[in-house]
Amino acid sequence: MKDKLIIFDTTLRDGEQSPGASMTRDEKLRIARQLERMRVDVIEAGFAAASNGDYEAVRAIAEAIKDSTVCSLARANEKDIRRSGDAIAPAARGRIHTFIATSPIHMEKKLRMTPDEVVAQAVKAIGWAREYTDDVEFSAEDAGRSEIDFLVRIFEAVIKAGAKTINVPDTVGYNVPEQFAATVRTLIERVPNADKVVWSVHCHNDLGLAVANSLAAVRAGARQVECTINGLGERAGNASLEEIVMAVRTRADIFPVETGVDATQIVPASKLVSQITGYPVQPNKAIVGANAFAHESGIHQDGVLKHRETYEIMRAEDVGWGANKLVLGKLSGRNAFRARLQELGIEIESEDHLNQAFARFKELADKKQEIFDEDLTALMRDESVTPAPEQYRLLSTRFHSETGETPVAEITLSIGGTESHTRAEGSGPVDAAFKAIESVAASGSELLLYSVNAITTGTDAQGEVTVRLSRDGRVMDGQGADTDIIVASAKAYLNALNKLHAGAERLNPQV
């Protein structure tokens, strides 16, 4: 019998801390439902004390998710923990994950607390959290640069106070596999009652070693890995869930653990997170990249044709490739449309919302012969089917681009309910469109990123555009999809402007 490796997904919390990757409550719910379908053990739904929006998202996920544990992050203070406790109250299984920094540099420069004060605060935090749930996790922030004797001391204290999971984070991605494994092994050996808790790791990817460090820790005794879909996360990201799961499964000969994850849901989860956050997956990304199972070399192709295992250590279908087939066409009715959205985990808030979405689906079906799941996901995220009021809305467009002539964009917008018509020239039609929008929006935003991806195959594929804007120190990603890439670009720019207009300041804790 192998031990169970608990998969703790923090896409909705740490993943959202990627610049511009902020998600709405409904988007978080869709991802949470996909994680539940994938049979992820723990879903860290957010940081409830960060904002009212985060609190509402955590609570909504706690109400909706039945099969996975729903977790909220909290700093080691009473206000944060009580906010988290209230947010997870509806959950079938709820967890509070509290943390405090333990490295000398963090204690001295950030917390300005003595080691004795840090230990005392951590013990208090466990006590507050246990008023809401017996499932309490404690993290020693920056454990990768902490003194081992102090980690032994604080872990002993929090275990005695009632913590059930002890997390050892490499918060700044400083560790290397052999060293990190030795740290985890030493802690398990030296901390009293170490066998009474689950040992966990949370590794960042600053040196490209997050997965390697996590797997080394598993071999050293860790039985929970904190990870994200596509490796999304703060700075260079976190350990990739898909790589952890498939490494443990593929190398069952050296890992004494197994997960309960349904691997066939990995690619759908990857695509959903990429589409919602606007972070594209690089083609050569392990497991979920478009080229992960492609063979260009003639030698490789010949070998795979003769015997797949010559060059493939996994089957593409085992991780969900090929699962997203044609599902709907222009003759499909409302009931089929509604049913497929439900299968994709997309909730319809009202009949009015469904009618707007179905109308857009029919428009798309007139442009595309084949409608794929990815098209539906993009369509449902598009601002034109969102019933909530928008500060900026695209009404109509007209573009002119000709060899030897300066491209021109004519755009009609609704800004705060008032219609405005604008015209601008640019170095290309996209540049002209953005200049036209800014001429009336006057947002003062700086364009940080412009990215285009085809949602599906074929020349009639929808183009999905991501635009990243910065204003007053805040960064937001906007997405837009359309079979006309210029229209998609305008939608994406306006989507980012709407997020900057409506978004609240966020706290971004490090763990």
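Modeller: Two residues are said to be in contact when they have heavy atoms within 4.5 Å of each other. The model is a predicted one, in which local features need pLDDT of at least 70 and side-chain atom pairs count only at pLDDT 80 or more, while totals for chains, interfaces and linings use all residues. Residues are numbered from 1 along each chain as its sequence is written, and side-chain values use heavy atoms, with hydrogens and water left out.

T10 sits in the loop that joins β2 (6–9) to α1 (25–37); helices (H or I, at least four residues) and strands (E, at least two) are DSSP runs numbered from the N terminus. T10 counts as buried because its relative accessibility is 0%, buried being under 20% relative accessible area, exposed over 50% and partly exposed in between, with a 1.4 Å probe and protein chains only. Apart from neighbours within four places in sequence, T10 contacts G15, E44, H202, C227 and T228.

Another loop, between α7 (177–190) and β8 (198–203), holds A194. With a relative accessible area of 7%, A194 is buried. Residues up to four places away in sequence aside, A194 touches I188 and W199. Its C-alpha atom lies 10.0 Å from that of T165, 29 residues away along the chain.

Further along, β14, β15 and β16 form, in that order, an open antiparallel sheet; strands pair if DSSP finds at least two bridges between them. Its edge strands, β14 (446–454) and β16 (474–482), each pair on one side only. Nine bridges link β15 (residues 463–471) to β16, and G463 has D482 of β16 as its bridge partner.
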